[in-house]
Amino acid sequence: VSREGLGEFEQLVLLAILHLGSDVYGVPIVEEIERRTGRAVARAAVYITLRRLEQKGLVESWMGAATEERGGKPRRYVNVTRYGVRSLHDSRKTIDQMWRGLKLRPGGAR
Amino acid sequence: VSQVPDSPRLARWLLARALPSDVRDDVMGDLEEVFRERCSIAGPAWARVWYWRETVSFSQRFLLERLRQCFKRDQARLSIESEQMGEGGDMTVLMDIRDSVRSFARRPLLTAAILASLAFGIGANTAVFSILNTLMLQPLPVRDPGSLYQVLHAGDGGVFESSTYALYEHLRANSKTIAGALLSDASVMKVQVDGQSDAILGQFVSGDYFNLLGVRPVLGAVIQPADEPGSAPNRVAVLGHRYWLTRFGGDPGVLGRTMTIDQVPHTIIGITPPEFFGLQVGRYVDVSVPMDGSDDRIYWQSKSLVVRLAPDVPRSAAMVELNGLFHQYVGPDKTISARARAHSFKWLDLSPSSSGLPEFRDRYGTPLRAGFAIVSVLLLLACANLASLFLARAAERRRDLAVYRALGASRARLARQLFTEALLVSTVGGALGLIVSWWAVRVLVGFLPDFGMPLNLQVRPDVSVLVFALGASLLAGVSIGLAPVWLAGKVDFREVLAAGSRTVATAGGAFKMLIVAQVALSTLLVVAAMLLTASLDNLKSQSLGFVADGVLMLTLDAEDTGLAGERLSGIQRQLLERLGSLPGVSHATLTTIPPISSNEDGKAFSIPGVTLPTPDDGVVQVNTVGPGFFDTFGVRVLSGRGIAATDTGSAQQVAVVSASIARHYFPGVDPIGKRIDVGRGRTGGQIEIVGVAEDARYKDLRRPADRIVYVSAFQREAEETVVFALRTAGEPGQWTQAAQREFRAVVASIPPTDVTTLVRQRDRILFNERVLALVSTCFGVLAVVLAGLGVYGVVALSVTQRTAEIGLRIALGATRAGLLWLVFREVLGLIAGAAVFGVTVAFLTSTLLSSLLFGVQPAEPWIYSATVVLLVAIGMMATLGPTIRAMHIDPAQTLRTQ
């Protein structure tokens, strides 16, 4: 298994899924990230990241029912796999280790 | 609940193509969901803008993602093992395309030039092809057009399309090989609706016209056999869809209303479908009325007879049967003389009419085909030019190619990369070419003359036009790509890499061939351009015998109006007076045969007491003119006087004759005062010649002038149709409104038809020559520029490649003059050879143009020598720049870098 760390955006997406809990799909994920970070997110980037995360096995997905208000298209519900959760922890740990013992004042000066 | 608006369809379509299939449905579903939410918050317009922005964003990011993955895969494979042809599938092709796009994006100016020449070449070809396609290939929008044939009668004099109602009935009643027949006769009709007069294009049709064609009305009914005037009490009319929309605003209540057509009230009974325009491509019939079969048995009228062959009857069988019936019909006809019989009534011919009647096919056929040949040569030239450009690029990148080879790329892989570039360019060029052609078709159609009736050539692009453009693009791509691919095949990477940059020119042979091709092709175009321009000059500068500038003409057509005799004559006089006193009008007149018109009035000519040697000798054209004719048209009166205002009914009958008549019938004698007769004694042999006028060309500018007798309009019965002409002090079109006002003031019920200027008439008759001269000159100049650029590019490359050699020569003491000669010698030899080759081909093919030339021989020596001189001069100019660079090569510098 590759030990390649998670990118920042990948972490944002994974965390958003975990925050939302159940019935998670693309639309609420975008809203959740925007709400928490206060920044606009490129919607397409979220979907590409989701696809990439699934290809790496960090996220699993299943199709819901097609509904009329979606133009007859189904929803793709997603969930973070156990491997995904572990990768998140690893990333957090790596960053924490790098931060330990470091005190920075806002503005960049040490 | 209100209706939810739809997300933009085009955007959805694009998205569906851009997204990978595994996420397509759910992503689009999510977008749809958010779109609806946004509709209710911000309104549908903003939601649509949002949707489009997301579409662009998603397409861009997912395509990049796809490329990124391809790239990763390809990189991995390249580093592991030498790539095998074919295994890459669409991924490596995508990579090739990406690489090509990048390499073009690095040189935007060059790329723009390449695309422009391709777009222009393919566009011009596609434009000419789509007009040819519309005129000659596209089927009529009627039922089973393939079984329609026009019946023509033919003899030693050629083929004629006029027919009679009686023949139509005869064939319909007796033939077993045809499923039906129809007659149509198009003409400009004067209609009045709600007191307003228009002149529109109409047609008289036989009763079963629409049924035979299978044309169903969109509204009401179409004409039925029972509607023919012989059998119906009141007349009916069927409107064309376009006329119904423009004149009646598409009002369905128009059915049952009455409109006056040529003074006869007609009831509107139906509307034809929008795609139906009649049987003549290029004309749009605004109204159809039933034909009155009882009024003629005479040939030489404009009726077209079309039959539909019965199912499974071959044309040959129908020919045999219809010819038998034809002879049965014309055999006993005493009105057709033996000469006429041999000339035009020997047999019947069936002309395939699946794409309509042939009027415009015949009229525009020659210039369109010649134009097609010219633009094809141009496209070839552009291809040769781009091929040498691509070859030069490949030669420049030879080192890169060698490195790729060394890294394990197969030859096939390199060839594919180079080919992809050529195809990419030609496809984009072809797509741009379609846009260019769309525009060029409009310009071209605007040039086409209408020959007296409104022209409405709706060029409808169809699949064959697309296929044509695609084929042209592919052909261009292949011909552009072949040379560099061939070069890539020859790259030996060990040699190139070992030799560093000191390489031998590997593409010399191919370059030379391409240069020869370019110069030879441009020679062809230059020769054609010079021949056509010279003959247009000859046609324009020859003395026409009249002054075309400043003459406005309007036709007063009183046929079927009930106006005749003294009343009509009075109206004509009154009009003439009022038109002549308009400010800025120096002269006004009326005439039955204005210069350059299709009007004819051939009459027998005789001199009392003199027997002419042959009867054919006695036919002249009689032009009935008003006072002021010679001043208005600028025809010089050589001796005596012109027709004057005093030449009226009570005075002595007078005539002015053309110089050709004076020369022919009165050699060495002064004809003034002599008596003549026109029209077989009906004038009593009492016309006195009072003047001799200069010869003027009335019909064909290529033929000698007709013999013309001018007689006074007010000394005889008023002519039903006369042309009023004004000589104006400026652009004659400015007097149109004023002249039309005078017409309305005098005869409100008859609108003037055929409002035109003499210059426009002249230019119309010279249409073929003008367009061809213009087009061939444009393309000739373009060809010379292209060839010059091609020569420049190749010479520049050759000098670059020989930098080391030249540096060495300078170091060894070669003189500048010697070096100049070194470069020049090669190029000059090449160009001179190519020019001679091109001139030979041009000479051999120039006879194809001979029917279009006037006063120039196809083998005119000065044109050929001028072309060779021109091309050699251009070649030398193109060589100069790189040569001067070669002379300034610093030997120390070059030798150090090697």
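**Figure 1. Contacts along chain A.** In this predicted model, residues 24 or more positions apart make up 45% of those chain A contacts that have a separation of 6 or more. The chain itself has four helices and two strands, and going along the sequence they come in the order α-α-α-β-β-α. There are 110 residues in chain A, and 35% of them count as buried.

**Figure 2. Where chain A meets chain B.** Here we zoom in on the contact, to which chain A brings 22 residues and chain B brings 24. Interface size is often quoted as the accessible area lost when the parts come together. For chain A and chain B that buried area is about 2000 Å², and 54% of it comes from carbon and sulfur atoms. Three residues to look for are R43(A), Y47(A) and R51(A): they provide 30% of the area that chain A buries against chain B, more than any other three residues.

Figure 3. On chain A, the side touching chain B gets at least two residues from each of α2, α3 (43–56) and β2. Helix α3(A) gives the largest share of that side, with eight residues. One salt bridge worth a close-up joins the side chains of R52(A) and E65(B), at 2.8 Å from N to O.

Figure 4. The side chains of R70(A) and D30(B) form a salt bridge, 2.8 Å from N to O. R70(A) sits in the loop between β1 (59–67) and β2 (73–80) of chain A, while D30(B) belongs to helix α2 (residues 21–42) of chain B, so this pair joins two chains. Both R70(A) and D30(B) are buried.

**Figure 5. A salt bridge within one helix of chain A.** Side chains of opposite charge can pair when their charged atoms come close. In this view E32(A) and R36(A) do so, with a salt bridge of 2.6 Å from N to O. Both are part of helix α2 (residues 26–37) of chain A, and they lie four residues apart, about one turn of the helix. E32(A) has a relative accessible area of 8%, so it counts as buried.

**Figure 6. R663(B) and D695(B), linking distant parts of chain B.** This one is among the 25 salt bridges in the structure, counted over all chains. The side chains of R663(B) and D695(B) meet at 3.0 Å, N to O. R663(B) is in helix α19 (residues 659–665) of chain B, and D695(B) is in the loop between β19 (687–693) and β20 (708–712), 32 residues apart. R663(B) is exposed at 54% relative accessibility, whereas D695(B) is buried at 19%.

**Figure 7. A nonpolar patch on the surface of chain B.** L10(B), W13(B), L14(B), W52(B) and V56(B) make up this patch, and together they have about 480 Å² of accessible area. The elements giving two or more residues are α1 (9–18) and α3 (44–80) of chain B. Helix α1(B) supplies the largest share, three residues, and V56(B) is in helix α3 of chain B.

Key
Residues numbered from 1 in each chain as written. Chains lettered and ligands numbered in written order. Predicted model: local features only at pLDDT ≥ 70, side-chain atom pairs only at ≥ 80, totals over all residues. Heavy atoms only, no water. Buried < 20%, exposed > 50% of the residue type's maximum accessible area, 1.4 Å probe, protein only. Contact = heavy atoms within 4.5 Å. Patch = residues over 30% accessible without salt bridge, like charges linked within 9 Å, V, L, I, M, F, W, Y side chains within 5 Å. Areas by Shrake-Rupley, 256 points an atom, 1.4 Å probe, with all protein chains shown as cover. Salt bridge = Lys/Arg side-chain N within 4 Å of Asp/Glu carboxyl O. Buried area = accessible area lost by both parts, 1.4 Å probe.
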